2 protein chains.
Amino acid sequence: MNDNIKFSYPNSEKVYLKGTLYPDLKVAMRKVSLTPTIVVRNGKKEKTENAPVYIYDTSGPYSDKDVHIDLQRGLPRLRESWIRARNDAEQLPEVSSEYGRQKLADHSLDHLRFEHIALPYKAKKGHGVTQMYYAKKGIITPEMEYVAIRENMNCKELGIPTYITPEFVRQEIAAGRAIIPANINHPEEEPMIIGKNFLVKINTNIGNSAVDSNIEKEVEKAVWSCKWGGDTLMDLSTGDNIHETREWIIRNCPVPVGTVPIYQAMEKVHGRAEKLSWEVYRDTLIEQCEQGVDYFTIHCGIRLKNIPYAFKRLMGIVSRGGSIIAKWCEIHQKESFLYEHFDDICDILAQYDVAVSLGDGLRSGCIYDANDKAQFSELDTMGELVERAWKKNVQVIIEGPGHVPMQKIRENVERQTVKCHEAPFYTLGPLVTDIAPGYDHITSAIGAAQIGWYGTAMLCYVTPKEHLALPGKDDVRMGVVAYKIAAHAADIAKGHPGATVRDNVLSKARYEFRWKDQFNLSLDPERAFEYYKASNHVGDKFCTMCGPNFCAVRISQTLNQDDHCSIL
Amino acid sequence: MNDNIKFSYPNSEKVYLKGTLYPDLKVAMRKVSLTPTIVVRNGKKEKTENAPVYIYDTSGPYSDKDVHIDLQRGLPRLRESWIRARNDAEQLPEVSSEYGRQKLADHSLDHLRFEHIALPYKAKKGHGVTQMYYAKKGIITPEMEYVAIRENMNCKELGIPTYITPEFVRQEIAAGRAIIPANINHPEEEPMIIGKNFLVKINTNIGNSAVDSNIEKEVEKAVWSCKWGGDTLMDLSTGDNIHETREWIIRNCPVPVGTVPIYQAMEKVHGRAEKLSWEVYRDTLIEQCEQGVDYFTIHCGIRLKNIPYAFKRLMGIVSRGGSIIAKWCEIHQKESFLYEHFDDICDILAQYDVAVSLGDGLRSGCIYDANDKAQFSELDTMGELVERAWKKNVQVIIEGPGHVPMQKIRENVERQTVKCHEAPFYTLGPLVTDIAPGYDHITSAIGAAQIGWYGTAMLCYVTPKEHLALPGKDDVRMGVVAYKIAAHAADIAKGHPGATVRDNVLSKARYEFRWKDQFNLSLDPERAFEYYKASNHVGDKFCTMCGPNFCAVRISQTLNQDDHCSIL
């Protein structure tokens, strides 16, 4: 494992904001310092300071110069004291899942295994441990205050009015309109919130497949995703040693980690969908709950009667989990064990505070199939399941498509809102056309920005390799940046408090030729600087696009000013 | 000059569709042949042919294996016989502009000069030669039938109903709702139409600046832009030898070429805006009209009284032409010569059928400045000028911003439609956030797709180098593909006849693992294949993203089928 994995952002400092209800809270933010504006007037320099900008920071301790990172030991356990203070969970003497115990006992895996596995926590009998449980009881947790502070970047400092208080967070979670995915077995995680009245979040997918990747590469990709701004991370591994890979990722991941447990269940039955059973699946759930997965994608919205709608499609079923469950239902000619055992599933998840992400197994895989009966029938089932989860205080989000042409995007959000009682929506893209393999981070960022604006709470990224191959590190970076753009554009359009601060401050820097400030405030300072630097005019008051004589900004600066005044 | 500039698209053939009104018309299209679908049923192969797909083709003769390209001589003069047959234009004995004559006489430029310059055409006294003139007279020109056939790709072949007839084209042009930019001195051009009831078009910008580039590179970039799908091309050169560079580009460009004549006028007055005059500008217009420029960006919407609105901005004036004109107005304290001489400008343009693109000199340069008084006051002036141009039968389009957050995009289109009497809208992006330098092809494709859907007729591309440096070839490719995505997404959303054919056929190929067909139908077959190939599983029925056991499409194919049936 490469311990040289730390990084820093240019001219940035890791700062920690304090809590009020919980004064010990240390909410991580990135503070970008700016250079002053210098105006020369009548030969004299006048200097005006530019206030620093606070940026929402998903990078965890990796960007804190004062934290020692040891991947073998995992990140500091930030939330453990909060969890213990609640006194409603107990540490188990051993892991509960049969498979987990087998894996631990298998010495042939010793060289792969994360060494310092802690014993898992679980709710004490008769106790609720989910954020929704606390919210409904009127309790504001440290997690809730943490996210409230995090969402208000720049507002307090700049006097921008905001509605986001710890109490508002609590109300949103109690109503099911937002979730804080925060397994009590993932104390390394910095809390974050997903809901339409908060910043739009982005999820990234990593994970090996049977034909590519290894543990070290996956941990590197996870940290890389956090560096560029991924808010949550799904480990979609399907190849060998996914139990071990997951442990390494979770222990070293500062953002919530999601999985699709059916993938591992499939590995256990050697890839034969018909051999899947509730027993195998249940053991997998417990195994992953105790490792610290924060949310599970579960394709329990597929009903036997609705599967035939997919036969009329151009692309059939394009969800991996969806196709597996449909196959199972067809072979056994009965409702899936996921649907039948949904209450049992919720009972398990509630003991660890794992959120459920209702998987859209029948999402559209091409624009021709968008908004069809297969897709919407599944959404109706999801609406029913949301209420069952909430009864058990399990936090829920709803997954959505996929491939949807622009004119059909809004209907997805409107239906989801009504049918699923405002549970947060979490969509993949959508891709607004099918004709651009190799550029699907762009086809989908177009749809993602729109669906985010309409109210989707989290956007699942798509990389340039979608449909073609497993993404590498640069693909992850491109996908994350494309989705940060989409999410930020949606935040602006929705009027999130403080969202435009970064744009405005960056534009001011651009106008004043404070190139470094401009880049330091951008989503990818390294790339912007690299492009600019290659043109060999660093420090000049123009770029090679227009050259010195045709720079509109230079000319614009001379308007309405006496000739003795200029920005230096 | 590199004559090895020809290229081909995979599994594609250049075909020419015939006209009905003009049977000699040869409308260039790209025909993509597909492999058959082979299903194995009970051990027997059943083969179903897949019909070829016709793709709108902007690549001109460069992709026709039967045409010999000689950059020294320029492309075949496709439209010359049409122009001559109308008998309303005459070939002049020499070029009319003083500057043009000076340049021709300057032997130090001989080594740079395009050798085979033809003498220019100009309207005979008392004759109209613009497409709008003909349209109002009820005449359907070959240009009109050409674009009607071009817009109907796949409709005739697949029996898709369409409203696009030559007569419809004529009506739209007569009403000013569409233009065919087609200077009688650019007979090499293949006609194309810009208007909201047609396919959304994209414009690309190339051109040297004082600090970079040369003629050969610019011609290469022009052809490159056409290869990837640029519908029109603006030559924004501002450095040395822009007269000579332009000649090379126009003679070798199969798509309409636009310029911003004020740039060259500025070179003539050695970069001093205050020295600009109507006389210098007028001579520049005539010079470029006679070279064959198809549309001019003219920043005549800036009124002296409106300039102070820009002083309240964060980014001031970011249009090069706009900043020059504002500077001139401020120094001279009077209305610009462009505004004052607008009727004279139209009189000149009408003699060659050069369209005017009313430049948005006061467009917003950051989201903070979007939709402000500076921007909208200019739009009001444009509305007045549109009617004056139409009186002289000059075709008009209107340029729009810029940087606009999503929630303010629609207002731009709605206002433009009303104020400018449905003249086609032509926007740069808009960029929906300012925080992603290095990725502004994406920030702007998000806005472009939306504004195209709302009715914008042409989208001006933005490359990843925007704000940073002059784009290179790969930047042009990235910018064009991002904008083809935006334009196509808008065509789908608007319900353009036949727009979804390519998506559906590509998706069918994807579902059936006909990889090559999938790539050949995509916007960038080379890149898609390159990504796919690098994963080393060419020909397999899965990609490395999911591996063989988790490919949803593979599993989906086995649903609802007896086990003896599979797609080969």
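User: How many residue pairs are in polar contact across the interface of chain A and chain B?

Analyst: A polar contact pairs an N or O atom with another within 3.5 Å. In this predicted model, 16 residue pairs are in polar contact across the interface of chain A and chain B, both residues of each pair at pLDDT 80 or more.

User: Which elements of chain A give two or more residues to the side that touches chain B?

Analyst: Among them are α9 (261–268), α11 (320–332), α16 (440–454) and α17 (473–494) of chain A. With 11 residues, α17(A) gives the most to that side.

User: What is the area buried between chain A and chain B?

Analyst: Buried area is accessible area that two parts lose on being put together, summed over both. Here the figure is about 8,500 Å², and carbon and sulfur atoms give 72% of that. On the chain A side, A:Ile435, A:Tyr439 and A:Phe550 supply 10% of what chain A buries against chain B, more than any other three residues. The contact takes 99 residues from each of chain A and chain B.

User: How are the two copies related?

Analyst: Chain A goes onto chain B with an RMSD of 0.0 Å, by a turn of 180° and a shift of 0.0 Å along the axis. The copies are therefore related as by a two-fold rotation axis. In chain A, A:Ile446 has the C-alpha nearest that axis, 2.3 Å away. The copies meet through the same surface, because 100% of the interface residues of chain A are also interface residues in chain B.

User: Where is A:Tyr163, and which residues does it touch?

Analyst: A:Tyr163 sits in the loop between α5 (155–158) and α6 (166–174) of chain A. With a relative accessible area of 35%, A:Tyr163 is partly exposed. Leaving out residues up to four places away in sequence, A:Tyr163 touches A:Phe168, A:Asn197, A:His496 and A:Pro497. A polar atom of the A:Tyr163 side chain lies 2.9 Å from the backbone oxygen of A:Asn197.

How values were computed
Residues are numbered from 1 along each chain as its sequence is written. Chains are lettered from A and ligands numbered from 1 in the order in which they are written. This is a predicted model: local features need pLDDT of at least 70, side-chain atom pairs count only at pLDDT 80 or more; totals for chains, interfaces and linings use all residues. Side-chain values use heavy atoms; hydrogens and water are left out. Copies are superposed by least squares on the C-alpha atoms of residues with pLDDT of at least 70 in both. Contact means heavy atoms within 4.5 Å. Helices (H or I, at least four residues) and strands (E, at least two) are DSSP runs, numbered from the N terminus. Buried means under 20% relative accessible area, exposed over 50%, partly exposed in between (1.4 Å probe, protein chains only). A polar contact is a pair of N or O atoms within 3.5 Å; within protein, one must be able to donate a hydrogen and the other to accept it, and residues adjacent in sequence count only if both atoms are side-chain atoms. Buried area is the accessible area (1.4 Å probe) that two parts lose on being put together, summed over both.
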